[in-house]
Amino acid sequence: MTTPTLLVLDAEPLPRLGRLTGRARVEHADGTTLADRLPEADVLLVWDFASHAVREAWPGEGPRPRWVHTASAGVDHLMCPELADSDTVVTNARGVFDRPIAEYVAALVLAMAKDLPRTLRLQGERTWRHRESMRVAGTRACVVGSGPIGRAVAQTLTALGITTALVGRTARPGVHGPEELDQLLAGADWVVAAAPLTDDTRGMFDARRFGLMRSSARFVNVGRGQLVVEDDLVDALTGHRIAGAALDVLNSEPLAPDSDLWGVPDLIVSPHMSGDTIGWRDELGAQFVELFESWAAGGPLENVVDKKRGYVPGH
């Protein structure tokens, strides 16, 4: 059997692929060389999951890899019509980020409920100001996105005593359908966006949806930045139509130093880090190596993305 060529779209630090020594011819590319290197590759590992280079290079001429794996949960950064219509199999890093993101959401919920951002600001000002905080047990949450990340978030919030409703693309046991979303938003103290980016979810959190929420509600986005119309969120916060928000993903990343989002009251901004715990890159590399070994042996691939829908079906 011919040794397959594995092309890696690089980002630092590089993945640890030592187990594939002698079993794959590993080549490397960046955004400027990817288009020229694609025809020679059997497999493409999108290690630089923030790059749009695949989407830009794929429509070019020549053969294309039989399999593309992205070291991320989302695939919108690489999908283009030519890839979606091809026979190439696309897989993602489903399973690596579930628990870390759920922990991060829980931390944000507790931080907002206990007014921790203000406590830290007051400490920096050497100001002693006693306040009362919110009890999270007994509150209600609506988690939008019923994939592994959304389910992990729902389980973690439930463990805190929060009554949690999970909303997915279709209704099924334990999951509400999209037709129930507006009603659930109106009754939620916490709204968590954990959905993939698709034509149906792009801009779904807009002025109308923020207008449905309670004035005491808080909103958290750990899905994709484009789920949210950011100007509408800013209006909802500055107009006190909702009580607070936290964005770990944004429409434009990295957020520019002069962006107005940095100074919006009651908004927590973090640099797309909710799933990135110590050792996460090693987990991503190990996951890909296991998938490669199965693929090379003729076995089935896990985490196969429905390229039309933009996510792994069956959840």
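R224 and D76 form a salt bridge, with their closest N and O atoms 3.0 Å apart. This pair links distant parts of the chain, 148 residues apart: R224 sits in the loop between strand 9 (218–221) and helix 9 (230–238), and D76 in the loop between strand 4 (67–70) and helix 3 (81–84). Helices (H or I, at least four residues) and strands (E, at least two) are DSSP runs, numbered from the N terminus. Both R224 and D76 are buried, meaning under 20% relative accessible area, whereas exposed is over 50% and partly exposed lies in between (1.4 Å probe, protein chains only). The model is predicted: local features need pLDDT of at least 70, side-chain atom pairs count only at pLDDT 80 or more, and totals for chains, interfaces and linings use all residues. Residues are numbered from 1 along each chain as its sequence is written, and side-chain values use heavy atoms, with hydrogens and water left out.

The structure holds 15 salt bridges, each a side-chain nitrogen of Lys or Arg within 4 Å of a carboxyl oxygen of Asp or Glu. A network of them links R25, E27, R37 and E40. Here R25 pairs with E27 at 3.0 Å between the closest N and O atoms, and E40 meets R37 at 2.9 Å, N to O. E27 is buried because its relative accessible area is 18%, while R25, at 44%, is partly exposed.

Turning to N303, this residue lies in the segment after helix 10 (280–296) and counts as buried because its relative accessibility is 13%. Beyond its neighbours within four places in sequence, N303 is in contact (heavy atoms within 4.5 Å) with V90, T91, N92, A93, R94, Q287 and V312. The side chain of N303 reaches the backbone oxygen of N92 at 3.0 Å.

Definitions and conventions. A polar contact is a pair of N or O atoms within 3.5 Å; within protein, one must be able to donate a hydrogen and the other to accept it, and residues adjacent in sequence count only if both atoms are side-chain atoms.
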